[in-house]
Amino acid sequence: MIIRSVKLTQEEKEGFMREALLEAKKAEIMGEVPIGAVVVLDGEIIGRGHNVRETSQDATTHAEMIAIRDANRHVKSWRLEKAQLFVTLEPCPMCSGGILLSRIDQVFYGAKDPKGGAAGSLMNLLQDMRFNHSCYVETGILEEECGSILTNFFKKIRQEKKAKKG
């Protein structure tokens, strides 16, 4: 069993997830799928990101990838050992790869992604012991809020499409 470096209280986890939700709301305002992420080290947010795939027309600009890049710049290293990532939606395979390669220690996410999740839903890349790094993963942090921001976003998109048709 791997013993992780930091133990967070439920209150701390929820506080950092609320920061990730603020990032998701920034994406929503831009018309992007509302997903947000923050990277935390020693109790301080060192990286922030939200989905900007449509705006950037870059498939790699997921919230987690942007937050990881921001954190790398902050610590001036590609290694984010002892860091935690909080993300509103379960990471996809690409983001899980970025998490593993950056050596993030712990991942906390809100809503599961049954169609694309690679941290427990479709597969669990983050805890696959065949890789040279693995992460502690915890799901369900503010799950209802994280899920509802996505559900409401897609509901609104469907309503707008329906209104245009007729």
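In this predicted model, begin with the crossing of helices H3 and H4, which is left-handed. To bring the two helices into view, select residues 63-75 for H3 and residues 93-101 for H4. Their axes come within 9 Å and cross at roughly 20°. Angles under 35 degrees count as roughly parallel, so H3 is roughly parallel to H4.

Next, show the side chains at this contact. On H3, select Glu64, Met65 and Ile68; on H4, select Met94, Cys95, Gly98 and Ile99. By class, the residues joining H3 to H4 comprise 5 nonpolar, 1 polar and 1 charged.

Select residues 143-165, which form helix H5, together with residues 10-29, which form helix H1. The axes of H1 and H5 lie 10 Å apart, and the helices pack at an angle of about 10°. H1 and H5 are therefore roughly parallel to each other.

Which residues make this contact? H1 contributes Met17, Arg18, Leu21, Ala24, Lys25 and Glu28, while H5 contributes Glu145, Cys146, Ile149 and Phe153. The contact of H1 with H5 holds 6 nonpolar and 4 charged residues, with no polar ones.

The model has 4 aromatic pairs, counting rings whose centres lie within 6.5 Å. One of them joins phenylalanine 16 and phenylalanine 86; the pair is tilted, with 5.3 Å centre to centre and 40° between the planes.

Finally, select residues 11-122. An unreviewed UniProt entry places the feature "domain: CMP/dCMP-type deaminase" on this span. The span is 40% helix and 22% strand, and its end C-alpha atoms lie 29 Å apart.

Definitions and conventions
Residues are numbered from 1 along each chain as its sequence is written. This is a predicted model: local features need pLDDT of at least 70, side-chain atom pairs count only at pLDDT 80 or more; totals for chains, interfaces and linings use all residues. Side-chain values use heavy atoms; hydrogens and water are left out. Axes are lines fitted to C-alpha atoms, for helices over the stretch in contact, and angles run from 0 to 180 degrees between N-to-C directions. Helices (H or I, at least four residues) and strands (E, at least two) are DSSP runs, numbered from the N terminus. Angles under 35 degrees count as roughly parallel, over 145 as roughly antiparallel, 65 to 115 as roughly perpendicular and the rest as oblique. A crossing is left-handed if the near helix is turned anticlockwise from the far one by less than a right angle, and right-handed if clockwise. Contact means heavy atoms within 4.5 Å. Ala, Val, Leu, Ile, Met, Phe, Trp, Tyr, Cys and Pro count as nonpolar, Asp, Glu, Lys and Arg as charged, and the others, Gly among them, as polar. UniProt positions are given in the numbering used here, feature names are shortened, and annotations may be inferred rather than shown by experiment. Rings of Phe, Tyr and Trp (its six-membered ring) pair if their centres lie within 6.5 Å; planes under 30 degrees apart count as stacked, over 60 as edge-to-face and the rest as tilted.
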